[in-house]
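Please keep the sequence and the model in view while reading.

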Amino acid sequence: MPMTLKVYGTNKLMARLAELRTIRLMKRTEDNMKATAEKIRDDAKAIVPVDTGSLKTSIRLQVRPRPSAHKINVSVSAGGYVTNPKTGLKVNYASFVEYGTRKMAPRPYMRPAIEKHKAELPKMYRGRRI
């Protein structure tokens, strides 16, 4: 006697499996991006010119995941929220140090740090851990 087996909910199951795979991939990508950004931050801090230390202190890492949009924003930035003890003002000269001015030669710290680690970024998209 022939038997028939019907399975219900396979579409839902497949959709959930795809969702779980996406979540795992996003987490791995976020971890890799954060690890690379931490290296960039640490190298930038190691080579930035120091007078008061305010610019060095202002170099920071920010991670803003947006799971609903399947996006991760990881950034390394400098300046802004730290107060320079000499001037009493927020650090607003990060780009002047990086790129120079008419009166001051550039003293890059962010670009060399990025250059050193930029080859690591594509590896995460090829499924390799860094």
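Helices (H or I, at least four residues) and strands (E, at least two) are taken here as DSSP runs, numbered from the N terminus. On that basis the protein chain has five helices and two strands, and their order along the sequence is α-α-β-β-α-α-α. The model is predicted, so local features need pLDDT of at least 70 and side-chain atom pairs count only at pLDDT 80 or more, whereas totals for chains, interfaces and linings use all residues. Residues are numbered from 1 along each chain as its sequence is written, and side-chain values use heavy atoms, with hydrogens and water left out.

**Burial and contacts across the chain**
- Of the 130 residues in the protein chain, 25% are buried, where buried means under 20% relative accessible area with a 1.4 Å probe, protein chains only.
- Contact means heavy atoms within 4.5 Å; among contacts between residues at least 6 apart in sequence, 53% join residues at least 24 apart.

**Nonpolar cores**
- A nonpolar core is a set of buried Ala, Val, Leu, Ile, Met, Phe, Trp, Tyr and Cys residues joined through side-chain atoms within 4.5 Å.
- The largest such core has 12 residues, among them Ile40, Ala44, Leu55, Val82, Val97, Met110 and Ala113, and helix H1 (10-47), helix H3 (94-99) and H4 each supply at least two residues of this core.
- A second, separate core of six residues includes Met26, Met33, Ile72 and Val74.
- Val82, a member of the largest core, touches Ser54, Thr57, Ser58, Leu89, Lys90 and Val91 when residues up to four places away in sequence are not counted.

**Helix H4 and His117**
- In helix H4 (residues 110-117) the buried residues are Met110, Ala113 and His117; they lie on the same side of H4 because they cover an arc of only 70° around the axis, judged by the directions from the helix axis to the C-beta atoms.
- His117 counts as buried because its relative accessibility is 7%, and, apart from neighbours within four places in sequence, His117 is in contact with Thr36, Lys39, Ile40 and Asp43.

**Largest pocket**
- The largest pocket has a volume of about 230 Å³, a volume being the space filled by probe spheres set on grid points joined across faces, edges and corners.
- On a 1 Å grid over the protein atoms alone, a pocket is an open set of points where a 1.4 Å probe fits, with protein on both sides within 12 Å along at least five of seven lines, and lining residues have an atom within 4 Å of a point.
- The lining has 15 residues, of which Pro49, Asp51, Tyr93, Val97 and Arg107 lie nearest the centre of the pocket.
- Helix H2 (54-58) and H3 are the elements that give two or more residues to this lining, and the largest share, three residues, comes from H2.

Notes:
Buried means under 20% relative accessible area, exposed over 50%, partly exposed in between (1.4 Å probe, protein chains only).
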